[in-house]
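User: Could you walk me through this protein, one question at a time? I'm new to reading structures.

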Amino acid sequence: MSDPVTPIGESPEWLEALEQASSIAELDRSVLIIGERGTGKELVGERLHFLSRRWNGPFIKVNCAALNEELLDSELFGHEQGAFTGATKRRIGRFEQADGGTIFLDEIATATQRVQEKLLRVIEYGEFQRLGGEDVLTCDVRVSAATNIDLPTAVEEGKFRADLLDRLAFDVITLPPLRYRLEDISLLADHFGSRMARELGVGFPGFSASAILALEAHDWPGNVRELKNVAERLTFNSLKVSMLDPIEFAPEVIDPFESPFRPKSRSTKLQKPAADTEFRLDPPPFDETGINFDSEIRLYETRLIETALKATSGHQGKAAEFLGLTYHQFRGLLRKHDLDSKKKREGDVGQPRPSM
Ligand SMILES: Nc1ncnc2c1ncn2[C@@H]1O[C@H](COP(=O)(O)OP(=O)(O)O)[C@@H](O)[C@H]1O
Ligand SMILES: [Mg+2]
């Protein structure tokens with residue numbers, strides 16, 4: 001198998017998550033890795049394995065979302081000949097293959113009740129049965145699991161077994177989204193850019209200062225995976241033109257689907273509320289106390305921002321677009337009105353916000 005990826009990043013949030021993974025690695029318990037897509041869950045899963053006493057054993061990854069119940073059951077636990085239509089031969093499952101090593105269950109929240117039940121048993125007692133089989137088999141496998149959904153909520157909604165969650169979550173590592181790790185953006189961009197240059201067999205001129213600022217201003221819903229794609233595309237496009245000039249940002253690389261010919265049904269244009277209804281704030285009645293112009297303007301701006309954030313489910317980049325502002329203008333307004341939730345959250349734990 002390929003070597004584990006060297007983790008890049010120096011932000012306190014990322015280092016803390018890595019540190020947690022390193023310290024739990026040697027304990028032979030299940031670990032749950034939570035994070036948005038592209039935050040490095042698989043990378044952390046690999047790290048847990050290679051820093052554990054099982055490092056020399058197999059490391060097997062299974063994506064639970066990719067298979068229906070029967071196929072996932074058979075993938076994980078194997079099946080006997082004739083267990084279902086098409087099961088022409090006995091098949092060894094991933095747990096048997098992972099004996100002495102680690103199994104990484106990606107998108108664990110999508111496992112059905114039947115599979116969840118079998119997982120509980122294999123984690124608790126190391127016992128399982130092949131699909132269609134009678135014999136109880138045993139294995140020695142450490143389980144790590146990843147998800148981007150909130151499992152305690154899934155338990156409350158009856159979609160995930162509470163006892164399985166308890167078993168899985170001996171320790172929970174929650175990975176920070178990239179937008180909370182601004183200082184890692186330039187490190188990661190340089191890492192992926194220089195790798196692309198090496199692949200092309202040329203030197204890496206680095207990103208311009210304004211390119212880094214633009215990368216830091218993006219929200220990165222796809223996190224490190226998205227940044228990797230963008231840094232690679234920027235590098236590739238720039239090196240085609242010049243191998244010496246610093247690499248500049250180009251907004252079109254953020255969305256490779258952007259095109260005037262893009263099929264209409266795929267586009268997700270925001271529904272703007274009618275200007276006269278939602279956005280209008282009537283001036284207060286005039287009376288002898290008069291009107292405080294500044295506070296009325298503040299109220300109006302706050303209202304516009306909140307409406308835009310609500311309409312875009314809190315996506316700041318889209319909210320800015322919605323209001324016809326640049327992302328920087330929008331961020332400026334958030335700070336001005338103290339609506340910056342990132343800043344507030346960081347303020348809560350007493351960490352300074354990295355400068356942008
Ligand atoms: N800190 C990091 N340093 C280097 N590469 C990273 C880092 N975090 C993520 N990556 C890379 O980004 C991509 C997405 O990471 P992955 O672990 O697959 O995310 P997830 O499983 O959370 O979707 C992979 O190519 C991975 O190697
Ligand atoms: Mg993944």
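User: Which helix do the buried residues of α10 pack against?

Analyst: Quick note: this is a predicted model, where local features need pLDDT of at least 70, side-chain atom pairs count only at pLDDT 80 or more, and totals for chains, interfaces and linings use all residues. Residues are numbered from 1 along each chain as its sequence is written, while chains are lettered from A and ligands numbered from 1 in the order in which they are written. A residue is buried if 20 or more other C-beta atoms, placed from the backbone, lie within 10 Å of its own, and two residues are in contact if those atoms lie within 7 Å. The buried residues of α10 pack against α8 (182-200).

User: Why are the buried residues on the same side of α10?

Analyst: The buried ones include V224, L227, A231 and L239. Judging by directions from the helix axis to the C-beta atoms, they are on the same side of α10 because they cover an arc of only 150 degrees.

User: How many residues does the largest nonpolar core have?

Analyst: A nonpolar core joins buried Ala, Val, Leu, Ile, Met, Phe, Trp, Tyr and Cys residues through C-beta atoms within 7 Å. F95, I103 and L105 have the most contacts inside the largest one, and its size is 40 residues.

Terms used: A residue is buried if 20 or more other C-beta atoms lie within 10 Å of its own, exposed if 12 or fewer, and partly exposed in between; C-beta atoms are placed from the backbone. Helices (H or I, at least four residues) and strands (E, at least two) are DSSP runs, numbered from the N terminus.
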